[in-house]
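Me: I'd like to go through the packing in this model with you. Here is what I have open.

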Amino acid sequence: MEIIKINESTYRIEDGFVRFFLLEGKEKALLIDTEMTTGNAKEIAESITSLPIELLNTHADPDHVGGNKGFLRFYMNPSEEENFRSHGNDYGTIVPVKEGDVINLGDRPLKIIDIPGHTPGSIAILDVNNRALIGGDSVQDGDIFMFGPMRNIKDYISNMEHLLGFENDFDFIYPSHGSFPVQKDLIGKLIEGAKNIVAGKSAGNQIDMFGNKVMLYKFDFAGFLCDLK
């Protein structure tokens, strides 16, 4: 586990597979995701800041909510509740957030953008003053999971196109996996790649992923792991 300071009020916590974030404002701090194997995510955050800490999840896949038990309540798009509960998570109160909502940490507004597709309630967070976008799993240069229940590549395409409407509001993207940071032109490349998969224009290779037979479509900018056709 490694804690890396991005700037004076922003940190990323790395475990070698997934990263999560701590953002400080003048009044409180926000932890964004809690990783999968780190049950002490709140303690890690408390070692960084003395501010009151709240939690927001970009989505509810297991590698993003593993440390949620340290919080009695957490922000999450309500469309993620089925995903969250389906993994045996019977704790915590979900505080709903949706596009247009703003979480203000004290002179640090964070705007919610809905980007379903990778999961039904995936969100991105626009750190307005720092001109950064926290994109969860949806915008990254690693392999994006699009196989199994609750994934929808057509929704992913339309919502990445929706995200392009905000590109003048940020300069960099902070992803949960892969390289850090990534450039915003990656969004257009992801859209093109996903469209080529849907249109049958891209060749994939069958691989085993956690016991599932899936198709890996590998591009020079990222990959997509999809259901077998």
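Me: Which residues touch the most other members of the largest nonpolar core?

Reply: Leu 163, Leu 190 and Phe 224 do, in a core of 30 residues, where a nonpolar core is a set of buried Ala, Val, Leu, Ile, Met, Phe, Trp, Tyr and Cys residues joined through side-chain atoms within 4.5 Å, and buried means under 20% relative accessible area (1.4 Å probe, protein chains only). This is a predicted model, in which local features need pLDDT of at least 70 and side-chain atom pairs count only at pLDDT 80 or more, while totals for chains, interfaces and linings use all residues. Residues are numbered from 1 along each chain as its sequence is written, and side-chain values use heavy atoms, with hydrogens and water left out.

Me: Which element gives the most to this core?

Reply: Helix 5 does, with 6 residues; helices (H or I, at least four residues) are DSSP runs numbered from the N terminus.

Me: And what is Leu 163 in contact with, leaving aside neighbours within four places in sequence?

Reply: Its partners are Ile 113, Ile 115, Ala 124, Leu 133, Val 139 and Ile 187, with contact meaning heavy atoms within 4.5 Å.

Me: Switching topic, at what angle do helix 4 and helix 5 pack?

Reply: The angle is about 155° and the axes are 9 Å apart, the axes being lines fitted to C-alpha atoms over the stretch in contact, with angles from 0 to 180 degrees between N-to-C directions. Helix 4 and helix 5 are therefore roughly antiparallel, a label for angles over 145 degrees.

Me: Which residues of helix 4 make the contact?

Reply: Among them are Ile 153, Tyr 156, Met 160 and Leu 163, and they meet residues of helix 5 including Ile 187, Leu 190 and Ala 194.

Methods: Buried < 20%, exposed > 50% of the residue type's maximum accessible area, 1.4 Å probe, protein only. Helix = DSSP H or I, 4+ residues; strand = E, 2+ residues; numbered from the N terminus. Parallel < 35°, antiparallel > 145°, perpendicular 65-115°, else oblique.
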